[in-house]
Structure formats: structure tokens, C-alpha cells
Amino acid sequence: MQLKRKLLIGAVVSSLGGLLFGFDTAVISGAEQGLKAFYLLDNFAHGFTNSIALIGTIIGAIFAFSPAQHLGRKKSLSIIGLFFGLSALGCGLTDNWYLFLFWRFLGGLGVGASSVIAPMYISEISPSDYRGRLVGLFQFSIVFGILLAFISNYFLKINMSSDSWRWMLGVEAIPAFIFFGLVFLIPKSPRWLVLRKRYEESFVILKALGEANPEERLQTIKVSFEQKKEQEKLFQGKYLKPLILVFLMATFNQFSGINAIMYYAPRIFETAGIAKDSAFLQAASVGFVNMLFTIGAMVLIDKVGRRKLMIIGSIGMILSLLATTYLLNNRELGVSFLIVPVLFFIASFAFSQGAVIWVFISEVFPNKVRAAGQSFGTFIHWCWAAALTWLFPVVAGLANGITYAFGFFALTMILQLIFAIKFFPETKGKSLEEDI
């Protein structure tokens with residue numbers, strides 16, 4: 001099957017919400033020390049400032065369900081672009097800490113909503129044979145956004161004598177408003193159109209997207225929406241299995257320690273004794289490796305399946321986290337080696353959890369509860385992300401706090417490996433109308 005132009009435009013443009021997601025979450029790693037100094041923050045207030053956007057993602061993930069259902073996926077994505085743009089401008093221009101918190105919170109709403117709606121939209125326009133790779137574009141855009149943020153932070157840090165943190169946060173307005181304009185070019189979700197009983201429009205879009213048998217697919221989608229009313233409720237016994245799977249998936253994702261590295265990479269390297277400019281450059285290398293191995297996962301995810309990637313990646317994360325913990329606890333061995341296990345961890349994460357989570361959450365729930373299920377999974381993901389990001393500066397301030405944190409992350413990944421081997425279902429090649 002050849003990918004149609006309209007399908008590619010829809011998948012690529014909507015995945016740019018992931019680029020803003022990645023940029024917004026990673027850019028704080030370069031700005032956080034400048035913020036602490038400018039606003040005179042203690043460790044607790046500093047952690048809260050860094051995590052306020054993630055608190056916004058929790059709210060965004062919860063309430064994304066409503067606009068996604070009533071306004072549609074396309075209109076919701078345009079609103080998300082507007083939120084990102086206004087947030088970037090506000091953060092870069094304000095001198096008031098409370099206003100800064102508001103603007104970062106607004107950007108967090110955009111992150112939370114995009115992490116629900118963009119992969120949902122891509123999964124709903126994609127044929128099953130290509131769904132893993134096309135939804136994987138969202139994860140690729142996230143890691144590309146992270147890389148852009150790290151590179152941007154590095155060059156702004158070495159070229160700006162003061163207030164570089166303002167430019168780091170404000171420059172996001174450029175891609176945000178570009179995304180806002182491009183969303184108007186993408187098609188509506190055919191499954192959302194069926195939900196609104198706009199069958200003729202859905203048929204036309206299914207055909208334009210390259211569906212082999214649009215009449216049959218339209219009928220299958222209609223039947224999935226015409227089941228009994230009580231099936232619209234997410235929290236009932238029949239959906240217990242996907243709820244538990246998604247809860248564990250989201251929990252393991254954050255307890256891997258990925259956000260500790262993405263948000264505090266320069267701080268971790270500086271704490272280990274690496275010079276500040278080198279720490280920012282090594283943080284940029286984290287973003288590059290993240291992107292490289294995400295591409296590899298996208299190529300393989302529809303061939304080898306989600307489960308195998310999770311198993312391979314879990315083993316890699318366990319080994320790399322244990323090595324990182326050892327080096328942090330034995331710094332006399334040379335801190336310059338620290339970048340090696342950190343990059344190995346990033347590669348393992350990108351190849352497994354990073355690539356699989358958004359694909360899995362977008363396809364594990366049936367049509368009638370997909371929006372609610374995706375909101376639930378994303379809500380859990382961002383709850384843990386906010387908690388860990390808020391607490392990490394507090395833990396890092398303790399004696400050997402960073403070392404103990406990485407040891408804890410390694411133990412959690414051992415549990416993830418057990419989960420991947422024993423309980424993780426394979427969703428490769430299944431239509432969105434099939435049960436797992």
C-alpha cells in the first residue's frame with residue numbers, strides 16, 4: 001500500500017505538536033538555573049517552578065477529552081498551537097514570578113493536550129500496517145524538539161551574557177505559530193466524523209487517506225460506535241485490563257528517570273564535576289542520541305512489534321542505570337566517563353519506552369473509550385512526571401541524592417522488564433476496532 005499525500009500531511013503536521021511538546025519540556029534544563037537566580041528561589045520553590053508546566057500537563061491531559069470529542073481533533077490541535085505560542089512569549093517577557101508560573105502552566109496545558117490528541121488523531125487516520133510508524137512520528141517529533149531545545153540552549157548560553165533563559169524560553173513561539181497555521185491544512189479524523197454521524201465526510205476522507213476498502217472500513221467504524229451505551233464508560237470491569245496495562249506503562253515510563261535527565265542533564269553533569277559549557281554540550285549529545293535511536297525504533301516497531309522493543313530496551317536501561325549509579329558513587333574513576341552510560345540509557349529508552357508508549361496508549365482502547373482512555377494514560381504519565389520533576393532538586397540537594405535516585409530508577413526498570421516479558425500484549429498489526 002502506498003501512503004497517500006493527505007495521510008502524510010495529516011501525520012507529519014499533527015506530529016509537530018510533539019516537537020513543541022519536546023521543546024517545551026526540555027528547554028527548562030537550560031533555563032532552570034537562571035530562573036533560580038533571577039527569582040531567588042529555594043530548592044522547593046525551584047522544583048515547583050520547574051514542574052509547574054508538568055502540573056499543567058495533568059490538567060491538559062484530563063480535559064483534552066472534552067474538546068477532542070466536541071470540537072474535533074483538528075480544531076483542538078490548532079488551539080494547542082496557540083497555547084504554546086502565548087506561553088513562550090509570556091515566559092520570555094515577564095519579570096513577575098507568579099505571571100511566569102501562569103505562562104508555563106499554559107504551555108503545560110498544551111503539552112498535556114497534545115500528548116493525548118496528536119497521537120489519537122494520527123492513529124485514527126492511519127491504516128493498521130503503518131500505524132506504529134506514523135504514530136511513532138509523534139515520538140520522533142518529541143525527541144527532535146528535545147534536541148532542538150538542547151542545541152538552542154547551548155548556543156544561547158555561550159552567546160548571551162545575561163538573561164539567556166528568557167531567549168531559551170521565548171524562541172519556542174516561532175515553531176508554535178508555524179504549527180498553528182499548518183493545522184488548517186490537515187483533514188478531519190474520519191472516526192471523529194463517524195462519532196458525529198457525518199458519514200459522507202468520513203467516507204470521502206477515508207478514501208483520500210488511501211483506505212483500501214473505504215466502504216467496509218466505514219461500516220466497521222460505525223458498528224464499533226453503535227454498541228451499547230454503557231460501553232462509553234471507561235471505568236468498568238471490561239476495560240480493567242487495558243487500564244492496568246496503561247497505568248503500568250505510564251508509571252514505568254517516568255520511573256525510568258528519563259525526566260530527571262531531560263530536565264536536569266546540565267545539573268547532573270555539573271554535579272559530577274564537568275565544566276558548565278561542557279555540561280550543556282553533553283546535554284545536546286543526549287538529545288542527538290535520543291533522536292537517532294527513536295528513528296531506529298520507528299523503522300522496527302511495525303516489523304518486530306512493541307513487546308520485543310520493550311524487552312530489549314528494558315535490559316539496556318537496567319545495565320546503563322546501574323553503571324551510572326556506580327560512576328556517580330565512585331567519581332575518582334573519572335567523571336568524563338559518565339556520559340557513556342547516560343547516552344546508553346537514552347538510546348535504550350528511545351528504542352523502547354520512548355517509541356512504544358504513545359503508540360500503545362493510542363491503540364489499546366476500543367473506539368468508544370479511546371479519547372477517555374488516552375486521557376487516563378496521559379494523566380498518569382504526567383502526574384508522575386510532575387512529582388518527580390518537583391522532587392528531584394530536593395533529592396539532588398541531599399548528600400549522594402543523585403546517586404541514590406539513579407539506583408532507584410535501575411530497580412524500577414527491573415520491574416519493567418518483568419512486566420514486558422510476562423504481561424505486555426502485542427498490538428502490532430491489529431485494527432483499532434479489535435480487542436487486545
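## Salt bridges, and what we're looking at

A salt bridge here is a side-chain nitrogen of Lys or Arg within 4 Å of a carboxyl oxygen of Asp or Glu. Glu211 and Arg217 make one, with 3.7 Å between their closest N and O atoms. Glu211 itself is partly exposed at 22% relative accessible area, where buried means under 20%, exposed over 50% and partly exposed in between (1.4 Å probe, protein chains only).

A few ground rules: this is a predicted model, in which local features need pLDDT of at least 70 and side-chain atom pairs count only at pLDDT 80 or more, while totals for chains, interfaces and linings use all residues. Residues are numbered from 1 along each chain as its sequence is written, and side-chain values use heavy atoms, with hydrogens and water left out.

## More charged pairs

Side chains of opposite charge can pair when their charged atoms come close. The salt-bridge count comes to eight. One of them joins the side chains of Glu124 and Arg73, at 2.8 Å from N to O. This pair ties together distant parts of the chain, 51 residues apart: Glu124 is in helix 6 (residues 97–125) and Arg73 in helix 5 (residues 73–93). Helices, by the way, are DSSP runs (H or I, at least four residues), numbered from the N terminus. Glu124 counts as buried at 2% relative accessibility, and Arg73 counts as buried too, at 5%.

Then there's Arg166 with Asp95, whose closest N and O atoms are 2.2 Å apart. Again the partners come from distant parts of the chain, 71 residues apart, with Arg166 in helix 8 (residues 164–170) and Asp95 in the loop between helix 5 and helix 6.

## Helix 2 against helix 3

Helix 2 (residues 28–39) and helix 3 (residues 43–63) have axes that come within 10 Å and cross at roughly 140°. Axes are lines fitted to C-alpha atoms, for helices over the stretch in contact, and angles run from 0 to 180 degrees between N-to-C directions. The crossing is right-handed, meaning the near helix is turned clockwise from the far one by less than a right angle.

On the helix 2 side, Ile28, Glu32, Gln33, Leu35 and Lys36 meet Asn43, His46, Thr49 and Asn50 of helix 3; contact means heavy atoms within 4.5 Å. By class, that's two nonpolar, five polar and two charged residues.

Most residues other than glycine have a negative phi. Leu40 isn't a glycine, yet has a positive phi of about 55°. Leu40 lies in the loop between helix 2 and helix 3 and is exposed, at 74% relative accessibility.

Lys197 is another non-glycine with a positive phi, this time about 65°. Lys197 sits in the loop between helix 10 (190–195) and helix 11 (199–208), and is exposed at 62% relative accessibility.

## Thr378 and the cysteines

Thr378 is found in helix 19 (residues 370–396) and is buried, with a relative accessible area of 0%. Leaving aside residues up to four places away in sequence, Thr378 touches Ala61, Gly112, Ser115, Val116 and Trp358.

How many disulfides are there? The count is zero, taking a disulfide as a pair of cysteine sulfur atoms within 2.5 Å. Cys91 is buried at 1% relative accessibility, while Cys383 is partly exposed at 27%.

Technical notes
Helix = DSSP H or I, 4+ residues; strand = E, 2+ residues; numbered from the N terminus. Nonpolar A, V, L, I, M, F, W, Y, C, P; charged D, E, K, R; others polar.
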